[in-house]
Amino acid sequence: MQRLDAPLIPDGDEAREWAENELAKPQYAEARPTFFDEMSRAIAQFFADLFSGDGGNALGPLAAIMVAALVVIGLVVALIVWGRPRRSFARAGETADLLGSTDTRTAAQLRTEAERQARGGDWDAAIVLRYRAIARGLVERDLLTPAPGATAQTLAREASAVFPVERAALQSAAASFDDVRYLRHPGTADRYRAIADTDERLRAARPELVHA
């Protein structure tokens, strides 16, 4: 007769079933390493073995050099395929504040809107937008890195460092921007056209580095 307090000893099938049921509990699933964990551990172990004494003796210095070369080649291929990130995109957050206004439009978009305002006879808006287009265009070409809160005159001075022949035109354009934007002087078609002409010349001009 079997004792009631005797331990229950399962057979092979029951033992496997009990083990599967136990391991199916949530706490075991959460503790199980993920694929990323296992892959990271395998990569780390590979390099540890590679550059350890035993690994170095087994694979030799040539293998280590080959692995390093493969890593470098991979980086070069990635650079060729994806290219170097453009600085203008990297600075997108920094240049959103442009001449006292948060504006993320491109230079082309600002020019289009300026022309639309000019056709409607709103010279004030056209002048402000076209000068912002000048500043945005120089930022997009990596020729200008305006500090937060930079004024129109500051941008004109910085732009004159790379386009010295346009110094007077840039200063005049900045003055027109300030007159309309801050002094509330009415804009005119002639002042807008002068800024637009300056913008077009800058777009076609090659920058010239001026040393102090």
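Reply: A definition comes before anything else: on a 1 Å grid over the protein atoms alone, a cavity is a set of points where a 1.4 Å probe fits but cannot get out, and its lining residues have an atom within 4 Å of a point. Grid points are joined across faces, edges and corners, and a volume is the space filled by probe spheres set on the points. The model is a predicted one, in which local features need pLDDT of at least 70 and side-chain atom pairs count only at pLDDT 80 or more, while totals for chains, interfaces and linings use all residues. Residues are numbered from 1 along each chain as its sequence is written, and side-chain values use heavy atoms, with hydrogens and water left out.

Me: ok, how many cavities of 30 Å³ or more come out of that?

Reply: The count is two.

Me: switching to packing, which residues touch the most other members of the largest nonpolar core?

Reply: They are L99, Y131, I134, L155 and Y192, in a core of 32 residues. A nonpolar core here is a set of buried Ala, Val, Leu, Ile, Met, Phe, Trp, Tyr and Cys residues joined through side-chain atoms within 4.5 Å, and buried means under 20% relative accessible area, with exposed over 50% and partly exposed in between (1.4 Å probe, protein chains only).

Me: where do the core residues come from?

Reply: The elements giving two or more residues to this core are α6 (107-119), α7 (123-140), α8 (152-160), α9 (167-181) and α10 (189-204). The largest share, ten residues, comes from α7.

Me: what does I134 touch?

Reply: Not counting residues up to four places away in sequence, I134 touches L170, I195, T198, D199 and L202, a contact being heavy atoms within 4.5 Å.

Me: how many aromatic pairs are there?

Reply: The structure holds three, with rings of Phe, Tyr and Trp (its six-membered ring) pairing if their centres lie within 6.5 Å; planes under 30 degrees apart count as stacked, over 60 as edge-to-face and the rest as tilted. In one of them, Y131 and F177 have ring centres 5.3 Å apart and planes at 35°, so this pair is tilted. Because Y131 lies in helix α7 and F177 in helix α9, the pair ties together parts that are 46 residues apart in sequence.

Me: is F177 buried or exposed?

Reply: F177 is buried, at 0% relative accessible area, and Y131 also counts as buried, at 2%. F177 forms an edge-to-face pair with Y182, 6.2 Å centre to centre and with 70° between the planes, and Y182 counts as partly exposed at 48% relative accessibility. Y131, F177 and Y182 form one aromatic cluster.

Me: what about R111, where is it?

Reply: R111 is placed in helix α6 and counts as buried, at 13% relative accessibility. Leaving aside residues up to four places away in sequence, R111 touches R130, A133, G137, D199 and R203.

Me: last one, what is the overall make-up of helices and strands?

Reply: The protein chain has ten helices and two strands, running α-α-α-α-α-β-β-α-α-α-α-α from the N terminus. Of its 212 residues, 28% count as buried.

Note on methods. Helix = DSSP H or I, 4+ residues; strand = E, 2+ residues; numbered from the N terminus. 1 Å grid on protein atoms, 1.4 Å probe; cavity = no way out; pocket = protein on both sides within 12 Å on 5 of 7 lines; lining within 4 Å.
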